[in-house]
Amino acid sequence: MGRVWIWADVSAEDVATSALELLTKARALSDDVGAVALGPGAVASATALGDHGATLVYASDDERLIEPTSRVAAHTLAALVASHAPEVVLFPSSYRARDVAGRLQAITGSTLMANAVDLSSIDRARAEILGGTTIVEVALEGASPHIVMMRPRSFEPSPVGGTAEVVEVDVVAPHGLAAVRVLERTDAAASGPSLEGAKVVLAGGRGLGGPDGFGLLEDLAAAIGGTAIGASRAAVDAGWVPYAMQIGQTGSTVKPEVYLSAGVSGALQHAVGMKGSRRIVAITKDAEAPILRLADLGVVGDLFQVLPALTEEVRRRTGR
Amino acid sequence: MVAAAAALAWRRAAPRVATLRAARPDDPGRTGATAERAGRELTHVIGQRKLFQRFVPGLMHAAIFWGFVVLLPTIAEAAIAIVDPDGHLPLIGETTVFAWIVDVFGFAVLAGVTAAVVIRKVQRPDRFRGSHLGEADRILLMITAIVVSLLLWQATRIALGLTDAEGPVSGWLAGFADGLGAAALERAERALVWIHLLLVLGFLVYLPGSKHLHIVTAAPNVWLAKTWPGGRLEPLRIDLEGPEEDLRFGAAVATDLTRKQTLDLFSCTECGRCQDVCPAWATGKPLSPKLLIMGLRDHVVAASPAGVVELQPLVPNAVTDEVVWDCVTCGACVQECPVDIEHVDTIIDLRRHLVMAESRFPTEAGALLRGVEGAGENPWNQPASARMDWAAGLEVRVLAAGDRAPEVLFWVGCAGAFDERAREATRSTVRLLQAAGIDVAVLGQRESCTGDPARRMGHEFLFQTLAERNVSTLNEAGVTTIVASCAHCFNTLANEYPDYGGTYEVVHHSELLARLVREGRLHPSRESVAVTYHDACYLGRHNDKYDAPREVLGAVTGSLEEMPRNRERSFCCGAGGAKFWMEEGGDTRINDTRFAEAAATGADVVATACPFCLVMLDDASNAAGEGPEVVDVATLLARSALPTADGKR
């Protein structure tokens, strides 16, 4: 049974859930589990990491570790790997983890397996290919450590109530770092409820008959709460609602818990943007509409009667 | 003096010549086919064929052009007369026939110039918007002055008895000259011959820096034009093994343009015929093929090798990103261009660089590339396992590896396999082929995107990967004949796969169905439904197939109404050039414009022969809420020729 490490994404506020997920798997693979946390917040993260099964946490709060190219972090980690020789290093699939993992592989000349969903042993990873239709088992060969990047939510975090010993890390800064400087950070401004993050999405199509028809969806959205409103391309092209609301091939892709459409035919252009929704409800007057083939619940009827009645019923139950 | 003029003209021409020399060499395919190229010089240049696509402006131009050609010897005649007032061209100089020819064609030029002035000043067609109108006026003025001075000079010569050869115009003018005294007449004769020759030489000097350079560049440009279907793009030869500085992913800077592409720029006369037929321009988008060529020309001239040290990127300096992405690659501009400029191929080369070197394209098109690259290998990222869903309830032979090759392989295409509306045409096609006793099979999950949308978007690398794999699948299966119901798949399979080792007999479903009807293997009954047919660009203009779909329609209806824009002048549905997977800017949508044209014929049905036309026009039909039904030719034929066994009719 070899030594298994996990990479923990940390920030000044907290440690990423992905690190706790990876620890679940690491414990199953080995008793010798270490975590590497580099950057502000690293030392403080040791509590959570220990609680989830790390026995050692290599940590440094040094600011230089979060420079934008991840070179400092990668070289620091490579030095740790050289002196402690873990057999496997598990990474999450965050942008930062990808940067560090890629560089670590280049420095160590070892093997990197990306997009894995499981490990059956320290030298065997599993991945889904061909659009998730086939699972392959991949033998990890070549020099140690084997670097494996796991897909998000591949494992459940489970606390074991342990405590980790914190090992302070010496930062290794390679030459030529001045090449990249961060001048400014700007957060992309989000306006209104985000279509892509919403738990419930209501979508309107040509069947709504005009911009006023979207008022019916707004009423329903207000009654449900926490709901975003989208549209088919037909409604956007007609100029009823802005392009930002478009769902489909050339618009947003949504995967809410519940997707409800009114007056949407479900042409391929639209369907590709919503078929991953968990529950699909469609209201349409066309019994042949393709969307009914995707729907868990299809209502064939006049949306101008169905929507107000539905809103009324939701209001009665939620009291909004 | 002649030498001085020639030297001046050369000084003005030298930067152009240097630019052409510095341009990337043309693909080897641009040489050879000498007979075909020579024939095209006769039809397109001498015969002015493409100019006559618009009769009156065509006649106007032909009068000036033919006049120009015929009057060329008079330059020599004038040069001789400068030295020796009694001198003449040997053989023809003193013949009445020549005098008549000069007069008639001189008059024709003046009539042509008059027509040009009426078109430009009175009629003022919109196609000239953005052209250099002042420059055109100067050129027309010079032509007039040259011809008028020629005729007046001839008149004075007749009056002085320097020649016996009289033409109708010069003879008539000579009557007026008789009133002048002999001395005055002699002075006038000398003055006129000098004025005439100086004007000619001035014109020669003016020419190289002007848009009128086409009188030199048009003939070679026509010579170098494609000798293959317009739908075939030249393969981008990606040599990853060669030196890095030679690696080119399309056209980034002026010197990345090929010699033909550069000559295109120097051949443009800004006549705007392309602009007039461009679907993007017609619907209020920034792209005009004319302004694109002018923008590139001005940039290339400014970046001429003598001057600039560091070359600026073509996009967005010569043309903007928006312009590059507005193009539907319909080829209407190429069809229209009198001097055979190939706008579409240049646009694709600009896209190639943007996509492959800079990953710069409209965001929403990313889903298309991800889908084609992804496991399902289709633009909508549908699972491969759904590729045969269309065949539910039908018995269709799916060709497994090692199976006996079918008589005809039906290439379903991604739209035909996944889009609900296109599936109906797919089902109709298979049912018709089976009813006619054709041994037909499909590749099923082994089929993938042909790569057409990736290629038209500029992702040549992805296209080539798909092409090589599909070719290997088809070759291993021993396929010899392919039928495709998608105009884009048809074009790629027929014209582009041979470059990757896949040579098959490829027919479009409308061709095969027309043949089966003709051979009596299908028995449609004519119904009284009014139909109009929308030509798909990649079937019609890019592949010259106009008659087969009309033949099929002729078998199902007695009432086929043509739209005003049909056959090679057809107007795109808006889907080509991967625009199907992009958002459309501008004032109006291309599909709405085309659907309105179809509806105006009063037809009950708009027949299409490509799934993308079908979906685009059906979307427009839904948006309009009224007007004709949009149906594929195969579905129309199936309704008329097949029993309604599956309940769908």
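Visitor: In what order do the strands of the open sheet in chain B lie?

Guide: Strands (E, at least two residues) and helices (H or I, at least four) are DSSP runs, numbered from the N terminus. Two strands pair if DSSP finds at least two bridges between them. Here 4 strands of chain B, in the order β7-β6-β8-β9, form an open sheet with parallel pairing. This is a predicted model, in which local features need pLDDT of at least 70, side-chain atom pairs count only at pLDDT 80 or more, and totals for chains, interfaces and linings use all residues. Residues are numbered from 1 along each chain as its sequence is written, with chains lettered from A and ligands numbered from 1 in the order in which they are written.

Visitor: Which strands stand at the edges?

Guide: β7 (557-561) and β9 (629-632) of chain B do; each has a single partner strand, so one side of each lacks a neighbour in the sheet.

Visitor: How many bridges join β6(B) to β7(B)?

Guide: These parallel strands are joined by 4 bridges. V531(B) stands opposite L560(B) in β7(B). From β6(B) the chain passes through helix α24 (residues 547-556) of chain B to β7(B), a right-handed β-α-β crossover. Right-handed means that, with the strands pointing away from the viewer, the path from the first strand over the helix to the second runs clockwise.

Visitor: Which residue in β8(B) is the bridge partner of T532(B)?

Guide: V606(B) is. Strand β6 (residues 527-533) and strand β8 (residues 605-608), both of chain B, pair in the parallel sense over 3 bridges.
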